[in-house]
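Please read the points below with the model open beside you. They are arranged by site, and each can be checked on its own.

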Amino acid sequence: MAQRKILTYGHPTLKRKAARVAGVDESVRAIVKDLFDSMYAARGIGLAAPQIDELLAVIVVDPTPISPEGTRALALINPLVLSYAGSSVFEEGCLSVPGTFAEVRRPESVRVSYLGCDGDERIEDFAGMMARAVQHEMDHLQGVLFVDRLSRMRRSLLTKRLREIAADSQPDRPVL
Ligand code: ZN
């Protein structure tokens with residue numbers, strides 16, 4: 001088990017775009033394992049590689065703790081939204097923005113292509129909490145946090161909390 005530190009709001013890596021994975025090898029599968037270990041340890045329902053300081057297009061989700069119906073643990077490598085439908089609002093949180101929740105509107109369902117841990121391409125339709133979690137984690141691959149999707153007015157209500165988190169999350173500096 002390799003539980004990794006989860007970067008929090010204000011860390012520059014969270015604003016950067018992740019690179020696509022060139023080939024699914026042992027190093028990529030090790031990142032998947034670390035993502036699951038870190039997500040479960042933090043009691044999250046999804047985690048993206050940039051949140052553990054790996055700028056690669058790898059995400060994991062497991063919404064079963066909050067929504068057992070139709071959900072499962074899943075790793076997606078190089079995920080790409082092919083189409084989407086509908087619209088829903090849900091109060092989201094994020095392991096990188098601790099203690100902060102806000103309603104975010106997203107498509108209700110998405111069709112996504114991705115590579116599995118075996119390197120094979122899959123195309124799958126997600127709905128409900130799976131669609132919600134996959135889209136939230138895919139945003140991380142673009143350097144987007146859920147608070148970036150809020151209107152300026154609604155984000156301003158969170159400004160104080162976000163400043164507090166950012167003050168605590170400066171990148172590690174070399175210790176002399
Ligand atoms: Zn998140």
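Predicted model: local features only at pLDDT ≥ 70, side-chain atom pairs only at ≥ 80, totals over all residues.

1. Phe36 has a relative accessibility of 16% and therefore counts as buried, where buried means under 20% relative accessible area, exposed means over 50%, and partly exposed lies in between (1.4 Å probe, protein chains only). Tyr40, with a relative accessibility of 39%, counts as partly exposed.

2. Residues are numbered from 1 along each chain as its sequence is written, and side-chain values use heavy atoms, with hydrogens and water left out.

3. How many aromatic pairs does a search of the whole structure find? The search finds two, taking rings of Phe, Tyr and Trp (its six-membered ring) as paired if their centres lie within 6.5 Å, and calling planes under 30 degrees apart stacked, those over 60 edge-to-face and the rest tilted. The rings of Phe36 and Tyr40 are stacked, because their planes are at 15 degrees, with the centres 5.9 Å apart. Tyr114 and Phe126 form a tilted pair, since their ring planes are at 35 degrees, with centres 6.5 Å apart. Because Tyr114 belongs to strand β6 and Phe126 to strand β7 (residues 121-127), this pair ties together parts that are twelve residues apart in sequence. Tyr114 is buried at 2% relative accessibility, and Phe126 is buried with a relative accessible area of 3%.

4. The zinc ion is coordinated by Cys94 through SG and by His136 and His140 through NE2, at 2.1 to 2.2 Å. Donors are N, O and S atoms within 2.8 Å of the metal (3.2 Å for Na, K and Ca), and water is not among the atoms, so sites may look incomplete. Along the chain, the donors of the zinc ion follow the spacing C-x41-H-x3-H. Cys94 sits in the loop between β4 (88-92) and β5 (102-106), whereas His140 is in helix α2 (residues 128-141), so the pair ties together parts that are 46 residues apart in sequence. Both Cys94 and His140 are buried.

5. Helix α2 itself is mostly covered, with 13 of its 14 residues buried. From its first C-alpha to its last it reaches 21 Å, close to the 20 Å expected at 1.5 Å a residue, the expected span being 1.5 Å times one less than the number of residues. Gly143, which follows α2, has a positive phi near 75 degrees.

6. Ser96, in the loop between β4 and β5, is buried, with a relative accessible area of 0%. A polar atom of the Ser96 side chain lies 2.7 Å from the backbone oxygen of Leu7. Leaving out residues up to four places away in sequence, Ser96 touches several others, among them Ile6, Tyr9, Gln51 and Ile165, contact meaning heavy atoms within 4.5 Å.

7. Strand β2 (residues 58-61) is covered on both faces, with Val58 and Val60 buried on one side and Ile59 and Val61 buried on the other. Strand β1 (residues 46-48) runs antiparallel to β2 and is joined to it by three bridges, while four bridges join β2 to strand β3 (residues 74-85), again antiparallel; two strands pair if DSSP finds at least two bridges between them. Ile59 is the bridge partner of Ala48 and, towards β3, of Leu76.

8. Most residues other than glycine have a negative phi. Arg43, in the loop between α1 and β1, has a positive phi near 60 degrees and is exposed, with a relative accessible area of 76%. Asp53, in the loop between β1 and β2, has a positive phi near 70 degrees and is partly exposed, at 45% relative accessible area.

Key:
Helix = DSSP H or I, 4+ residues; strand = E, 2+ residues; numbered from the N terminus. Polar contact = N/O pair within 3.5 Å; in protein donor to acceptor, adjacent residues only side chain to side chain.
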